[in-house]
Amino acid sequence: ELEMTYPIDGIHFSDIALGTYIAAKPSRYGSLQPFEVYRISKPIDGMVTINAQHISYRLSKIPVMPFSAETIGGAMQGLVTYSAEANPFTFWTDKGTAAAYNQTIPMSCRECIGGTEGSLLDIYGGELEWDKWTVKLWSQRGSDKGYMIRYGVNLVTLEQEESIENTITGICPFWRGSDDGVDVTITLPEKVVDSSYASAYPYKRTVVV
């Protein structure tokens, strides 16, 4: 998440609009990353507050249809091949795990990567890096320094803020149930149902329902 203030008389104020990108470094160790602007406040004392999310959050609005793969490489390729919307991301890993990936229902591409049971991260392990338009699954990103974070010892407080961008342009509906004891998943032939306003946005933002 990127939050910044900017003066309305700044030289780039006219360039900042919803859906544009701001390049910023998340840390002194990282490279410049694109953050997509989703909110611009009303001016207060000549300043606006700008909120933007890392480009990887766009993966939450790209549905992936059910598929199976025998290796991590095949699973990563499947995320692109079976996307119900155009998927501009590429996927990379230094892992060679041969475990099978089996996705039985449509899911957002970000859910397929991690955060759910049966995701790439759940099956193959490792550590994720979101690097511009590339999703990297490393065996290990850094090195073990032997330092532990313990709540109440060297971690005094923990605060979590959530911010979601609610606009969607379509849905990828499915039904999952049992037919004579056999699990069945039903999707539409067209996969995605678009809003009549979908063309008003620079790219489609589709969620699984």
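Student: Which residues does Ser119 touch, not counting residues up to four places away in sequence?

Tutor: The model is predicted: local features need pLDDT of at least 70 and side-chain atom pairs pLDDT 80 or more, while totals for chains, interfaces and linings use all residues. Residues are numbered from 1 along each chain as its sequence is written, and side-chain values use heavy atoms, with hydrogens and water left out. A contact means heavy atoms within 4.5 Å. On that basis, the residues touched by Ser119 are Tyr101, Glu111, Cys112, Ile113 and Gly114.

Student: Is Ser119 buried or exposed?

Tutor: Ser119 sits in the loop between helix 2 (109-113) and helix 3 (120-124); helices are DSSP runs of H or I with at least four residues, strands are E runs of at least two, and both are numbered from the N terminus. Buried means under 20% relative accessible area, exposed over 50%, and partly exposed in between, with a 1.4 Å probe and protein chains only. Because its relative accessible area is 2%, Ser119 is buried.

Student: Around what arc of the helix 1 axis do the buried residues Ile72, Ala75, Met76, Gly78 and Leu79 lie?

Tutor: Helix 1 spans residues 72-81, and Ile72, Ala75, Met76, Gly78 and Leu79 are buried in it. The arc is that of the directions from the helix axis to the C-beta atoms. These residues lie on the same side of helix 1, because they cover an arc of only 155°.

Student: Which residue in strand 14 is the bridge partner of Arg176?

Tutor: Strand 13 (residues 174-179) and strand 14 (residues 182-187) pair in the antiparallel sense over six bridges; pairing requires that DSSP find at least two bridges between two strands. Their hairpin has two residues between the strands, and Asp180 takes a positive phi near 55° there. The partner of Arg176 in strand 14 is Thr185.

Student: Over which residues is the pLDDT below 50?

Tutor: pLDDT is the predictor's confidence in each residue, from 0 to 100. The mean for the chain is 89, and 95% of its residues reach 70 or more. The stretch below 50, which has four contacts in the model beyond near neighbours in sequence, is residues 160-164.
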